Amino acid sequence: MNEQMVPNILLIWLDNSTDKNSTKYHNMITQFKSVANTIETFTDSDQCVDFLMDICDRNIILIISDALCINIVPLIHNIIQLHTIFIFGENAVVCEQWAENWSKIRGVFTQVTSICQSLRTLAGELEQNATSISFMGTSSDITNKKLNELDSSFMYTQILKEILLTINFEQIHLQEFIHYCRVVSSNDFSKLKDIEKFEQKYRDERPIWWYSREYFLYSWVNRALRLMDVEVILRMGFYIKDLLNDIERLYSEQFHEHRFNSSFTVYRGQQLLKADIDQMTKNKGGLICFNNFLSTSETKGVSFIFADPDRNNPELVGVLFVINVDPSKSTTPFASIRDISHHKDEDEVIFSMHSVFRIRDVMPSSEYKGLYQVNLTLTNDNDQDLRVLSDRISEETFPNSIGWDRLGQLLFLMGHPDKAQKIYDMLLEQPMNKDGNASLYHQLGLAKYDQGKYREAIIYYEKSLTIKQEKFSSNHPYLATSYNNIGNVYGNIGDHSKALSFHKKALEIQQQFLPSNHPDVAKYYNDIGVVYDIMREYSKALECHEKALKIRQQSLSPNHPDLARSYNNIGGVYSDKGKYSTALSYLEKGLEIRQRSLPPNHPDFAKSYNDIGNVYAKKRDFLKALLFFEKALEVQQKSLPSNHPELSKYYSNIGLVYESMSNYPVARLYYEYAVNAGKLSLSSNHPNLIIFEKNLDRVNRKF
């Protein structure tokens, strides 16, 4: 990721006079790459237009030569994904008057440096509009049982903020970040100079100053928080902590100096989807959270510039946030950075990451047509809704862990076992753990299990179990966790009798110490039920899953992810028993809970989609089955490594559908994917690999 990059943008350059072997061309490409991650170049107009039409999930910026614009722009101007057009060429000025008739044309340029500067300005506008926002209801809606219905980004950013503030970052973390910056910017010499300056001068300037530097850390930090890009957050966690603390220090200084001695108003302009306006209107009186750092201005005119509606996208509307702040009532850190900022003319006030406001009113602007005004007030310490939410989130997200360990557990929750592994590997290398650590071995076992590396998972689990057996009695609850997780591994490598033995041993221990309705007891019933289902002992499987569901209904909130697992597993058993309507009812309920409680593209969604697809396949509704199987595969490809054994199952299921539809060439292709992926991670006698190979052999005989 390049901190100057235009977010989610594909840059296309169309020029039929381009000589791709010339020095001039390579120099221009280098300059464009300093602004956009992805660049496609075309000399053929028809190929370019066809390419434009095929893009559906990116904003496109088109740089088109002055010689082609008059003929091409009318053909493509109304393509929805085409965001902005730049006209470029030595004679481009002759197109200026004509260009005024086309709203997507940003300007006419004769110099590449001017286009790049305009692209950077556009990047700032798009970054402003891409702010991550969460909505929460009024006090009548916010109860303990509603906690897991919150926007997942609200929960994760609060936890992440708490965690980062407890971690002791060191100089090595800065150096690792610098190295990463150099790798991703290796072809951009001007950027490498900026990185060198950052390395040399970082401690000489306040973190806020670096944040305010044009298109440097500002966009990178906020994009990572918006997308919950764990890799980037981990790499620059030291800086996020420094920035949080710097805002806190400046807030304290200015408050004690009476810089904010009475209520005042700041403004923020941006574009939002109409759906967000509708949600804010419905949620009037409720809470709104900006999940990243929030930049505002004391000058209304500056904010109006960013609130200008996009004439080319009817789904976007301009919004002016009018934010009232009473510093005597709130301890949310904010600060005027006018005297520190790289831009001293914007009267900027910055609010700390994860600032929460109360929605007072949403109405059309009386000053500007087509603009909405949203009145907000900064929440204070006596806000009951916010206190209930914050306390409950903290209580339910590893409150007994701190620092790196809590971050590792959060990464598991978010579906990033590979990132969690890096943290626990690092902790294991510390001198205090040179003789081993049962807890760290256990967490590394979990990471390997989630990555599908089952043999490695057993090694770590057994190391953890050995240390526990030396310290605790044979029926200690700590051993139960190890037994159960070892059982999960044996289940996945096809040794179901061994899996059942370990799971039952774990349950037997826990029943001696835990109340019958404890969530951990439900987990063990759940895992035993999964094994029985695989062994086709459906009555026993259903009995275990129903026991787990009953306990979870009594002890967990209605939208807890573990409840989704119970509903999904019961649905899977009914599907195996041929009761498809009942199966779909349970599976869809599980999916609905996951949609409320998990971040997008969490691996658990793949399980829901896959199981629903299985039901439709058994009902011979192959088109619906294919839709769900492909959604499942898409999720897993984003979250799993290419050699994960779970991918084999999804390839195989898609192959089965195509075979059932008599599309044997495509079926064979997916069966080959399944076999090849299975061979990378499964033993030659694993039951699943044997099935994949039989499927491939069967379809080959149909040619």
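Visitor: Which residue does Asp 242 meet in a salt bridge?
Guide: Arg 203; the two side chains meet at 3.6 Å, N to O. This is a predicted model.

Visitor: Where do Asp 242 and Arg 203 lie?
Guide: Asp 242 is in helix H12 (residues 237-256) and Arg 203 in the loop between helix H8 (189-201) and helix H9 (207-212), so the pair ties together parts that are 39 residues apart in sequence.

Visitor: Is Arg 203 buried or exposed?
Guide: Arg 203 counts as exposed, because its relative accessibility is 53% and the cut-off for exposed is over 50%.

Visitor: How many salt bridges does the structure hold?
Guide: There are 25. Among the residues involved, Arg 206, Asp 246, Arg 249 and Glu 253 are linked in a network.

Visitor: What about Asp 611, which residue is its salt bridge partner?
Guide: Lys 607, with the closest N and O atoms 3.3 Å apart. Both residues are in helix H26 (residues 603-618), 4 residues apart, or about one turn of the helix.

Visitor: Why do residues three or four places apart in an α-helix point the same way?
Guide: Because an α-helix has 3.6 residues a turn.

Visitor: What does Lys 419 pair with?
Guide: Lys 419 forms a salt bridge with Asp 418, 3.2 Å from N to O. Lys 419 is buried, with a relative accessible area of 13%, while Asp 418 is partly exposed at 33%.

Visitor: Which way does E14 run against E10, and which way against E13?
Guide: With strand E10 (residues 316-325) the pairing is parallel, over 7 bridges. Strand E13 (residues 355-364) runs antiparallel to E14, also joined by 7 bridges.

Visitor: What stands opposite Asn 375 on the E10 side?
Guide: Val 322 stands opposite Asn 375. In the pairing of E13 with E14, the bridge partner of Asn 375 is Asp 361.

Visitor: What sits between E13 and E14?
Guide: The two strands form a hairpin with 6 residues between them, and Gly 370 in that hairpin takes a positive phi near 80 degrees.

Visitor: Now E12. Which residues are on each side?
Guide: Strand E12 (residues 348-351) has Glu 348 and Ile 350 on one side, and Val 349 and Phe 351 on the other. All four are buried, and both faces of the strand are covered.

Visitor: Which strands join E12?
Guide: Strand E9 (residues 294-297) runs antiparallel to E12 with 4 bridges, and Ser 295 stands opposite Ile 350. Strand E11 (residues 334-336) is antiparallel to E12 as well, with 3 bridges. There, Phe 334 has Phe 351 as its bridge partner.

Visitor: How many residues of helix H16 are buried?
Guide: H16 (residues 403-413) has 9 of its 11 residues buried. Among them are Trp 404, Arg 406, Gln 409 and Phe 412.

Visitor: What follows H16?
Guide: Gly 415, with a positive phi near 85 degrees.

Visitor: Which residues other than glycine have a positive phi?
Guide: Arg 536 is one of them, with phi near 65 degrees. Ser 662 has a positive phi of about 65 degrees, and is not a glycine either.

Visitor: Where are Arg 536 and Ser 662?
Guide: Arg 536 is in the loop between helix H22 (519-534) and helix H23 (538-555). Ser 662 is in the loop between helix H28 (645-660) and helix H29 (664-681).

Visitor: What are the relative accessible areas of Arg 536 and Ser 662?
Guide: Arg 536 is exposed, at 66%. Ser 662 is partly exposed, at 48%.

Visitor: Last topic, surface charge. Which residues gather in the negative patch?
Guide: Asp 44, Asp 46, Asp 50 and Asp 54.

Visitor: Where is Asp 44?
Guide: Asp 44 is in the loop between strand E2 (38-42) and helix H2 (45-54). Its relative accessibility is 32%, so Asp 44 counts as partly exposed.

Technical notes: Residues numbered from 1 in each chain as written. Predicted model: local features only at pLDDT ≥ 70, side-chain atom pairs only at ≥ 80, totals over all residues. Heavy atoms only, no water. Patch = residues over 30% accessible without salt bridge, like charges linked within 9 Å, V, L, I, M, F, W, Y side chains within 5 Å. Areas by Shrake-Rupley, 256 points an atom, 1.4 Å probe, with all protein chains shown as cover. Salt bridge = Lys/Arg side-chain N within 4 Å of Asp/Glu carboxyl O. Lys, Arg positive; Asp, Glu negative; His and termini not counted. Charge placed at Lys NZ, Arg CZ, Asp CG, Glu CD. Buried < 20%, exposed > 50% of the residue type's maximum accessible area, 1.4 Å probe, protein only. Pairing = 2+ DSSP bridges.
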